[in-house]
Amino acid sequence: MNFLALETSCDETSAAVFTDEPRILSNVVASQNDLHARFGGVVPEIASRAHLRNILPVIDEALAKANVSLAGIGCVAVHNTPGLVGALLIGVSAAKALAGTLGVPLIAVNHVHSHIYACRLAAGRDIFPCVGLVVSGGHTSLFRCDSALSLTLLGGTRDDAAGEAFDKVAAILGLGFPGGPAVEREAAGGNPKAFAFPRAFQHDTRLEFSFSGLKTAVLYACHGQNVAKATPPPAGQTRQDLAASFQAAVVDVLVQKCKQALRQAGLSRLAVGGGVTANTVLRSRLQEMCDRERVELVIPPMSLCTDNAAMAALAVEKWRLNEFAPDDLDAEPNFQ
Ligand code: ATP
Ligand code: MG
Ligand code: FE
């Protein structure tokens, strides 16, 4: 049986077709980066309007690429939580309309849980139990994952998400949006030890994160504490050193907290998802830690790390349990 899934939680409009195996037949993503770049961050109202324009063409393309017609869809899935409410509503409304007109069941999926399920898709086999880390523009959360659907939050960020910190530091350094790739490119030529930036909760057993102090430390390192009289962002080697030192601080705490979570949970598998996983320094440092700890690391390819609808194949697990959504399904912006 074929599923059609929709993702519109933030700034990517995505539709995917997959089988109940699950096997991905298509995964189409329309990015809105160009629309938000001039604002240095995602503007919710612009995101909603772009989803509205993109959703039907993206669905058509996903069906065409999968070589499946609407009549061949037996179930519709949608990420209805968490995210920007106006953005989520576009996907939820489209999914409800499709399921209703096709007369097929609707399944609601948690977007953050799907980021972990992307690891299961990439592995092509069961990966549970494991520790899961979701590290993206909106989330930095550690989970104990006993199965695809039973996730217990071990801890998360108290303020900014790691990806948000990358985006804001990119703005401070005068690099583009999205900030992650820009900061990583700049950091490649820098010295990660040039600036001693803070690593929050590093010597604490609590599985929590905080990145807003780090962001402020980068701001002060650039302009001094009198930011009202902001000077132009530093250029050349200093900027490369700032980017490298910032990135090292983020990577250090992410790796450290994963190690602590694995030891505390007594688990020997780590599944990592979300857009920040694109960072090659993070990937290699996680791999080194996992090798030392004799832990299996599962990281999906990039196409499944950033926001996409294929990871909503988590719906297949719900379908097996007959966990269908009500006809009046709503968007839930907050992560419960
Ligand atoms: P959500 O948080 O709801 O999942 P999102 O759109 O913010 O939504 P993703 O699309 O998964 O999340 O990831 C985007 C984030 O990943 C951005 O903050 C971006 O800066 C960050 N990112 C992308 N590439 C890199 C990189 N190479 N290094 C660090 N961060 C990166
Ligand atoms: Mg995004
Ligand atoms: Fe996401």
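Reply: Two strands are taken to pair if DSSP finds at least two bridges between them. The model is predicted, and in it β2 and β3 form a hairpin.

Me: How many residues lie between β2 and β3 in the hairpin?

Reply: Strand β2, residues 12–19, and strand β3, residues 24–31, run antiparallel and are joined by 7 bridges. Within this pairing A15 stands opposite V28 in β3. The number of residues between the two strands of the hairpin is 4.

Me: Is A122 buried, exposed or partly exposed?

Reply: A122 belongs to helix α4, residues 111–123, and, beyond its neighbours within four places in sequence, A122 is in contact with V298, P300, P301 and L304. A residue counts as buried with 20 or more other C-beta atoms within 10 Å and as exposed with 12 or fewer. Because A122 has 18 other C-beta atoms within 10 Å, A122 is partly exposed.

Me: How far apart in space are A122 and P301, C-alpha to C-alpha?

Reply: P301 is among the contacts of A122. The two residues are 179 residues apart in sequence, while their C-alpha to C-alpha separation in space is 7.2 Å.

Me: Between which domains does ligand 1 lie?

Reply: The shell around ligand 1 has 6 nonpolar, 13 polar and 5 charged residues, and α5 (162–172) and α6 (179–187) each supply at least two residues of that shell. Of the 24 residues around ligand 1, G137, G138, G163, G180 and G275 come nearest. Both domains give residues to the shell, so ligand 1 lies between domain 1 (2–115 + 306–320) and domain 2 (128–304).

Note on methods. Residues numbered from 1 in each chain as written. Chains lettered and ligands numbered in written order. Predicted model: local features only at pLDDT ≥ 70, side-chain atom pairs only at ≥ 80, totals over all residues. Near = placed C-beta within 6 Å. Nonpolar A, V, L, I, M, F, W, Y, C, P; charged D, E, K, R; others polar. Domains from an automatic or database assignment. Contact = placed C-beta atoms within 7 Å.
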